[in-house]
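Me: I'd like to learn how to read a structure like this one, feature by feature. Could you walk me through it?

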Amino acid sequence: MGLNNEWMQRDISVLWHPCTQMKDHEHMPVIPIQRGEGIWLHDFEGNRYMDAVSSWWVNIFGHANPYINQRVKDQLDSLEHVILAGFSHTPVIELSERLVKMTPDPLTRCFYADNGSSCIEVALKMSFHYWLNIGKPQKKRFVTLTNSYHGETLAALAVGDVALYKETYQPLLMDVITVPSPDCYYRAEGVSWEEHSRQMFTHMEQTLAEQHEEIAAVIVEPLIQCAGGMRMYHPVYLKLLREACDRYGVHLIHDEIAVGFGRTGSLFACEQADIAPDVLCLSKALTGGYLPMAVCMTNDTIYQAFYDDYESMRAFLHSHSYTGNPLACAAALATLDLLEQGNVIETNKALSAHMAKATAHFVDHPHVAEVRQTGMVLAIEMVKDKATREAYPWQERRGIRVYQHALKNQAMLRPLGSVVYFMPPYVITPDQIDHLASVAWEGIQLATRD
Ligand SMILES: *Cc1c(COP(=O)(O)O)cnc(C)c1O
């Protein structure tokens, strides 16, 4: 029995994997990874896999990056963790200073959590609690877009709208207001992304006009609804939303957990609309994909509504054990160094253009409805019928065929349903992009053959 198999067996005996029907592993083995290096993941028997999905969208500078490694090692020798209530440490202070400097001006405060979903919980509680503190307890509802995703904890799930994850738990979830997404996949023929996104805003405008008195905040994933199938929209929607939130006295929460730190082509997606949200949620690439950490950034107006004598009972009494963990902060500081020193946003432009070029012919495939791209995310939508855009029945799991083909060809492509996508670490090379494109093409051929 080979080493891969041995670890596989031991895994299957004791683990329960995330987002997985464990029975699938009877015919689709778990792949044990021995080590990572740059864009590559290596198993125990000499096979390697190009990490085309950045290990669930977290890794931006490659695995075992020497620079980040060193920074974390140095931190490990001086302080691994300390309680962040009443105490502090240099990595969290430096990181907060840098985040405040690099995000839009109104965002001046950093509140830490230890994963993306918790960060969403923080944002929702903070918004509701702000309105409570200023004497508007009736503002307690949240507006979300169809097909959005904000994580798996109960409140995060409630403001999400991906049925696959949400439906089962519906009886446990708070009631939210769901507005049609500006998703440009559904634009009419001949209509531009901008026009479509603008048109779709009328739904949001109407909801806010009618219900703003009971609404605390609108939460959106700016520009890309990632878990919802890498569906994309135009920045004009964010601009209109910012204006409307100001007009109606409603908070705007940006969940940039997946898209922050350069993914959309700008450092933060909100920059493309030239706006600042009231609350900005960041995680995933924040630590370069090294350690779990999230930060909920907000402005002085919100911060000041909590600032009072203790007896007023206005404080934000929220915490997580590992809040502001120094090792995670060290990884984040090293990641920000690499982002700033490497001229990354510029170099990514060339890589994005190369991804577009390498997949330009995919639109002609008889089962590809759309190839769409925003910055360093490129998605290919497979459909049963190109003319009507009829989707493949989900039970057919076409995406898995692409996944399995890719594994045999040194690539880890992990489609979302029938959407094949590239969301690679920024250290990918043009040659590697070409390889991914050819593997994806063959995979799509195989997956759509019958
Ligand atoms: C991944 C993700 C989350 C949840 O983050 P976790 O760390 O997985 O809990 C929230 N929002 C968006 C947009 C995400 O992509």
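Reply: Gladly. Helices (H or I, at least four residues) and strands (E, at least two) are DSSP runs, numbered from the N terminus. Ala-158, for example, lies in helix 6, residues 154-158. This is a predicted model, in which local features need pLDDT of at least 70 and side-chain atom pairs count only at pLDDT 80 or more, while totals for chains, interfaces and linings use all residues. Residues are numbered from 1 along each chain as its sequence is written, and side-chain values use heavy atoms, with hydrogens and water left out.

Me: Is Ala-158 buried or exposed?

Reply: Buried means under 20% relative accessible area, exposed over 50%, and partly exposed in between (1.4 Å probe, protein chains only). Ala-158 has a relative accessible area of 0%, so Ala-158 is buried.

Me: Which residues is Ala-158 in contact with, leaving aside its neighbours within four places in sequence?

Reply: Contact means heavy atoms within 4.5 Å. With those neighbours left aside, Ala-158 touches Lys-166, Leu-173, Met-174 and Val-176. As for Ile-177, its C-alpha is 10.0 Å from that of Ala-158, and the two residues are 19 apart in sequence.

Me: How do I read a helix, say helix 12? Which of its residues are buried?

Reply: Start with the general idea: an α-helix has 3.6 residues a turn, so residues three or four places apart point the same way. In helix 12, the buried residues are Val-344, Asn-348, Leu-351, Ser-352, His-354, Met-355 and Ala-358. Seen down the axis of helix 12, they fall within an arc of 160° (taken from the directions from the helix axis to the C-beta atoms), so they line one face of the helix. On the other side of helix 12, Ala-350 and Lys-357 are exposed.

Me: What do the buried residues of helix 12 pack against?

Reply: Their partners are helix 11 (326-341), strand 13 (368-374), strand 14 (377-382), strand 16 (419-422) and helix 14 (430-447).

Me: Where do the UniProt annotations fall, starting with "binding site"?

Reply: UniProt positions are given in the numbering used here, feature names are shortened, and annotations may be inferred rather than shown by experiment. The "binding site" annotation, from an unreviewed entry, covers Gly-116, Ser-117, Asp-255, His-320 and Ser-321. Ser-117 lies in helix 5 (residues 116-133) and counts as buried, at 14% relative accessibility. Asp-255 is in strand 10 (residues 251-255) and also counts as buried, at 5%. Leaving aside neighbours within four places in sequence, the contacts of Ser-117 include His-150, and those of Asp-255 include His-150 as well.

Me: Where is Lys-284 found?

Reply: Lys-284 is in the loop between strand 11 (279-282) and strand 12 (294-299). The unreviewed UniProt entry places "modified residue: N6-(pyridoxal phosphate)lysine" there. Lys-284 is partly exposed, with a relative accessible area of 23%. Leaving aside neighbours within four places in sequence, its contacts include Trp-56, Trp-57 and Ile-257.

Me: How many residues line the second largest pocket?

Reply: On a 1 Å grid over the protein atoms alone, a pocket is an open set of points where a 1.4 Å probe fits, with protein on both sides within 12 Å along at least five of seven lines; lining residues have an atom within 4 Å of a point. The second largest pocket is lined by 29 residues, of which Leu-84, Cys-110, Phe-111, Tyr-303 and Phe-316 lie nearest its centre. Strand 4 gives the largest share of that lining, five residues.
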